[in-house]
Structure formats: structure tokens, C-alpha cells
Amino acid sequence: MNLARRTLIGIPYLWLLLLFLVPFGIIFKISLSDYAVSIPPYTPTLDLSEGWQGIRGFFAALDWENYVFLTEDDLYWRAYLSSLKIAVISTFLTLLVGYPIAYGMAKSAPEWRPMLMMLVILPFWTSFLIRVYAWIGILSNEGYLNQLLLWTGIISDPLQIMNTPTAVYIGIVYTYLPFMILPIYATLERMDDSLLEAAEDLGCSRLSAFWIITLPLSRSGIIAGSFLVFIPALGEFVIPSLLGGSSTLMIGKVLWEEFFSNRDWPVASAVAIILLLILVIPIILFQKNQEKNQEADA
Amino acid sequence: MSNRVLMLAAAGSMIALSAAAEEVRVYNWSDYIDEALLAQFEEETGYELVYDVFDSNELLETRMLAGGSGYDVVVPTGTFLQRQIQAGAFQPLDYDLLPNAGNMWDVIMDRTAQYDPGNEHAINYMWGTTGLGVNVGRVREILGEDAPVNSLELVFNPENMERLAECGVYFLDAPTEMIPAALTYIGEDPDSHDPDVIALAEPVLTAVRPYVQNFHSSEYINALANGDICVAIGWSGDVLQARARAEEAGNGVVIEYHAPVEGAQMWFDMMAIPVDAPNPAGAHAFLNFIMDAENMAAASNYVFFANGNLASQEFLVSEVIDDTAVYPDEVTMAATYTTRPYDARVQRLVTRMWTRIKSGT
């Protein structure tokens, strides 16, 4: 291998090293430290002026105490489980909403497709925070949705949606919908329509042709979209803190409280490392799936 | 003509140069100053002022403890100041650069000295109490004419709260305010650091939890003013802002602030200079400017908070100095209490208990 090629391959690895492994190493080190009233608020910090003695003392002071602590209070496991549940349900809901949209886009006339694509991407031009704030105006007790329903006489008392898990699901599905639509649309658009014609020629109904041919062929898009929704939804902090009430327990909120209310950076770091481990498993599964697809394509 | 343009350009670039070198960066609470004062400071001292705002002590503390915030003056509340001094976050003040320090009020300085012995690191900016914001009309309608609007009975007695739930009650999302208040209600020491005593606050708060619409530390200002809620536990000046907004709106909502008769928590927002401030001389100039009697009075007249500056009192308008909701009378003052910061172990218990109270887990 020549030098130029090595350099070219080295750049993405250097990127990964600088922006992922080094920060991960720092967080991992803090998670093994102890809380202290100082700047920064943990101990030990590496003191090179004492030479080897300092470095040995530094490593001797690191321990797994914070991870043991996380197993002792059920708050953390409940928060992880509750986040997993919210992430799984909202991924499923996003799929239910996103698939028909992607299907409709792929079946529309080719000259319409860029326009429809644009409409899916358009909301990204507004700040994410402002779009979530807009939902407060829609969902609150005096909000547009309740006013509309009261006006039509469907309900007589305002529905309490704001500050409930329902509002969190609505927020997540709305925010991450484009991440579900785009990969599914990409696979459906590439699909060969002659397969469906052949199925119908052979006496297959339109519905069963969808189940037997279209759905399996769009599997890679469904999986990619689901991961793109599931992974950020798991650690989501902004949506539950703005739309969810104080009874919506999510790991992002617990992390915030460890960091800001308890000022305990070491425990906060330990919570973050565990969250990362929970995320790494689906990411590895995703990677495996991609590799398999590439082999199948090749 | 061309000469003048040239001179102007030269003068302009000189100002730009000196401004870049002589910036003072201040990090204060939101809605907490008369902005005319900021322009006045730039004019009088020639420093360029960069004025940023925050809305929670936790946010400020995290930036202080991370170090390198780049600010010259920050404004933590007393208990937070004390812990940050312990962490070595602030530099001692040079009182030779603060000739206006003679204007400060010894009564307040005695109290702030418990957070910062000898007032070596900080000066008081504003102070106030934590109490009850009440929509008197609605509350009397529901609880009757003798509703206990100036007592913790209003918010900690489940019978009252059950009836008030229909018109809406907000609590502060701040365990360091709510737990001392609950302990005061049951006659315990609000400043107790004993885990067994602190635990006594939990059943008090859990009993009224179902009737609390939301835990939030700033939304209650608007909610009270609009008439969306009828009771909030909140900070004095914020409730008075709600009162002023309701008056402006002319919507028939009348808000009152009451420091509870059982005792109100008193707090102090303190101006201090971070240990790594880029411009300590400019920071001292800002503190000295703020301690000027007329400037401090202008700030209080604008935000409706009491200040720790005795000389400023002659310049205060009567709506501020004569209002016992801003400057409490001696009876209320005698019943106020202050708290000290929890250590890490107790803080964790308190945060955990607060999560349990709010979420039921």
C-alpha cells in the first residue's frame, strides 16, 4: 500500500479517533472518578509535575464505585427501561405513519416526486426547538386542538394531552418522521414494478402482492429508518422535558439532573457510558444488516 | 471636509481597538436590570459591556465549576455562592477599587456573611423572599372570605389544595425551596441537614402532589397574570411582576404576594468575580457602578426587588420602598430564615426525594 492511499484511508480514522474515541475516553475516565468540591468538580486530575508517582496515584484513585451505585438505586434501571419503552413504541408509530407516506411518494408520478421530497424535508428549515414549542400551542388545554374539538362539540371538556406520555409520542413521531420516510422511499423507488405485474399475472391479489413482494423488498429501508428514529429517541431530552409532564421518566432527564442538580459529573458520566453501551448493541445489529445487504447486492 | 472624515475614521478605529481590549462580560439573571443602566455604564467608564443572561443557578454553577467561562461578573444566589467559593471559583474583592461599598446595608451584609465570611468575595445585588402568589378573587370564591392566603395552610393542607386544584396551583421546581417550606409547615427546622428530618417533608409534599398542576420555576409569572392558575409558590419579585402584568392587561385579575406567616425563606443574589475573569479591573468598575446609590435604586425601581444598598433607599419610589411585599415589615423579617448548601451526600438524597415526589417513582 502506498503512502497516499494510507493517508486517504487514515483521514476518516483520524476523524473517528478525535471526535469519538478521545471524548469517550475522557467521559470514561470521569465516570471512574469521585465527586469533589473543586474546579473541575471531580478528583483525581492528572498531575504530571510529580512524574511517575503522580501517574500511579492517578490510576490508583480510579474505581468502579459509580457503576456499583447505579445498580443500587432502581431509579436508573426504571429510567433506562422507560426510555427503551418510549423509544420502541414511538419507532413503531413512526413506521406506521411513515410507511404509507413513503409508499405514496414512490407510487406518485415521477414529476411530482422532487416536490413531495421537498415537502418532507421542508420542516427542517425551522429550528427543531421552535417546532416542538409550536406543539405546546397545539396540544395545551387552551390550545388549537382542544379549541377545535370543543367548537365542533366532539368533547365538552378539554382533553389533557399536554404533560402526558401521549404528547411525548406525538412530539417524537412528528420530529423523526422524515428519518423514517426517506430511507423507505429510497428502497421503494428502486423497486422493479415488473415484479408486481408478474405477481398479478400469476393471480396474486394487490394486497397479497404487497405483503409477499413490496414489504420484504423494502425491509432494508424499514430497518435503516427504524434505527435512525430509535437511537436518538432513546436519549431524547428536549421533547419529554417540553411536552411530557414530571411523571415521564426518561434517561435524558436523569442525566440532566445528575449533571446539574446533583453536580455529580462522575455519576452522570457513568449513566452516559451505560446509555452508550445500550445503543451500541442495536448499532452493531444495524451494521451487520448493512453488510449482509451489501453482500446480497454484490 | 476630507480631513474630518479621516479623523472620524481614525477615532472610530481607536474606539474599536480599545473596546476589543476593554470588554466587561457580565452574566446575570434574566429580566433583572433596567437596561438603561447598561448604556450608562459604557458611557461613564468607557468599557464595552457584554451582558448575557441565565435562568437557573444550576446552569451558572456548572459553567463556574467547568472553569474558563470568560465572564468577569456573575450573580449566584447565596447558597450556591458558598459552595462555589469552597470550590475556589471566585477571587477576593479588592475593596480599594470599590469606594461605593460604603453605601451597603449592614443588616443585609450580616446575613450574607454566613455564605461568604467577611463579604470577601461578593456584594449583594438583590434579595427577596419565597412565598405565595395568590389570585385573591378566585381563591376567596373557592375557599371563602377567610381563606388563609398568607399561610402555608393554603398550599400544604390537602383539604385546601383539593378544592384549589380546579383553578390551578404551581409549585417551584426547586427542592431547595420546597423542602424547607414543607419543614416549616410541620414545625421542623427548615435548614436541617439531617436526612431523617428532611425525610419528614416527603409525606407533606406527596399528600398535595395530586393537586399540583405543574412544577416550574418561571412559567408561573405568566400563568398567574393570565388567570390560568390561582396559586403559586414563587419568588417575591416574580409574583410582583405577575401583579404588574395583570394590572397592565386590565383583565380583572388581582394578584397578591404574601410571605407566609409561619416563616419565609430569604435569599440573596450576589455579584462575584470568577477567579479566571479576563478583566478583573473592569469587573470591579462594574460592581462599583452598581453600588452607586442612584444606579442601584434605578435597578430596584425597575424590577421590584429589594436591594442591599442602604444609601439607595432615599431614591426608591414609594411603590418599592413602602411595599411590604418588597421590603418586608419587621414582624415578617423576624420570621424569615436562610438555608445553607447541602453537602454532596444530602444533596443526592434531596434530588432523589424530589424526583420521587414529582414522578411518583
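**Figure 1. The contact between chain A and chain B in the predicted model.** In this view, 19 residues of chain A are in contact with 24 residues of chain B, and the whole assembly shown here and in the following figures is a predicted model. On the side of chain A that touches chain B, the elements that give two or more residues are helix H4 (74–107) and helix H13 (251–261) of chain A. Of these, H13(A) gives the most to that side, with four residues.

**Figure 2. Chain A and its overall dimensions.** Chain A holds 14 helices and two strands. Its radius of gyration is 25 Å, well over the 19 Å that the globule rule gives for 298 residues, so chain A is more spread out than a compact globule. Taken along the principal axes, the C-alpha atoms of chain A fill a box of roughly 80 × 70 × 35 Å. Of the 298 residues of chain A, 26% count as buried, and among the contacts in chain A between residues at least 6 apart in sequence, 70% join residues at least 24 apart.

**Figure 3. Chain B and its overall dimensions.** Chain B is built with 18 helices and ten strands. The radius of gyration of chain B is 22 Å, close to the 21 Å that the globule rule gives for 361 residues, so this chain is as compact as a globular protein of that length. Along its principal axes the C-alpha trace of chain B spans about 80 × 50 × 35 Å. Buried residues account for 45% of the 361 residues in chain B, while 73% of the contacts in chain B between residues at least 6 apart in sequence join residues at least 24 apart.

**Figure 4. The two domains of chain B and the contact between them.** The domain assignment divides chain B into domain 1 (2–126 + 269–327) and domain 2 (129–266 + 338–359), and the C-alpha centres of these domains of chain B lie 30 Å apart. Eleven residues from domain 1 of chain B and eleven residues from domain 2 of chain B take part in the contact. On the side of domain 1 of chain B that touches domain 2 of chain B, helix H4 (residues 78–86) of chain B gives the most, with three residues. The residues on that side of domain 1 of chain B are five nonpolar, three polar and three charged.

**Figure 5. Strand S9 of chain B and its pairing with strand S4.** Eight of the eight residues of strand S9 (residues 265–272) of chain B are buried, so this strand is largely enclosed by the rest of the structure. From S9(B), Gln265(B), Trp267(B), Asp269(B) and Met271(B) point one way, whereas Met266(B), Phe268(B), Met270(B) and Ala272(B) point the other way, and all are buried. Strand S4 (residues 122–135) of chain B pairs with S9(B) in the antiparallel sense over eight bridges, and Gly128(B) stands opposite Trp267(B) in S9(B).

Figure 6. Leaving aside its neighbours within four places in sequence, Leu224(B) is in contact with Gly133(B), Asn135(B), Ile229(B), Ala232(B), Val239(B), Ala242(B) and Ile255(B).

**Figure 7. The surroundings of Cys230(B).** Cys230(B) is found in the loop between helix H12 (220–226) and strand S7 (231–235) of chain B. The residue has 26 C-beta neighbours inside 10 Å, and Cys230(B) therefore counts as buried. Not counting residues up to four places away in sequence, Cys230(B) touches Asn135(B), Arg138(B), Val139(B), Leu164(B), Cys167(B) and Gly168(B). Cys230(B) and Gly133(B) are 97 residues apart in sequence, yet 8.0 Å apart in space, C-alpha to C-alpha.

Key: Residues numbered from 1 in each chain as written. Chains lettered and ligands numbered in written order. Predicted model: local features only at pLDDT ≥ 70, side-chain atom pairs only at ≥ 80, totals over all residues. Domains from an automatic or database assignment. Contact = placed C-beta atoms within 7 Å. Nonpolar A, V, L, I, M, F, W, Y, C, P; charged D, E, K, R; others polar. Rg over C-alpha atoms; globule rule 2.2 N^0.38 Å. Buried ≥ 20, exposed ≤ 12 C-beta atoms within 10 Å, placed from the backbone. Pairing = 2+ DSSP bridges.
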